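Trainee: Could you take me through one part of this model up close? I'd like to go slowly.

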Amino acid sequence: MHNVLNPIIIDQNYCDSQNPCHRQASAVQVMDVLYQNIKGTSASEVAINLQCSNDRPCRHVLLQDVNLVGVGGDSAKTLCSNVQWIKRGTVIPPPRVHD
C-alpha cells in the first residue's frame, strides 16, 4: 500500500448523514477476519482503525505481519474499540484498546 487514507479499517459506527447518527442498537456481527502480510504507508495518522459495536463486538480479528507507517516514515497509530484481536508476528503500529 502506498499513501492510503484508511489502510485497515472496520467501522460499525459509520454514519453517512450530515446530522449526527445515534448509536447503533444492533449491528452485523463481524468475526474471523484476517489481515496478513500488509506493508506500506498511511496517509492518515491512524493506520489501523477497528471501531466495533458495543452491542455486537468484533471477534477473532487476526493481525499478522503488518507494517504500516506514516508517509515519510512517520509513526502511525492503531485505534481499537470493542474488538477481540489477535496479534501474530510483527504488527506495526501495535494494537492498543481505546474504549
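Trainee: Is the link of Cys 52 and Cys 58 left-handed or right-handed?

Mentor: Before we zoom in, a word on ground rules: this is a predicted model, where local features need pLDDT of at least 70, side-chain atom pairs count only at pLDDT 80 or more, and totals for chains, interfaces and linings use all residues. Residues are numbered from 1 along each chain as its sequence is written, and side-chain values use heavy atoms, with hydrogens and water left out.

Now, your link: with -95° about the S-S bond, the link of Cys 52 and Cys 58 is left-handed. The sulfur atoms of Cys 52 and Cys 58 sit 1.9 Å apart, and that makes a disulfide (a pair of cysteine sulfur atoms within 2.5 Å). Search the whole structure and you find 1 disulfide. Cys 52 and Cys 58 are both buried; buried means under 20% relative accessible area, exposed over 50%, and partly exposed in between, using a 1.4 Å probe and protein chains only.
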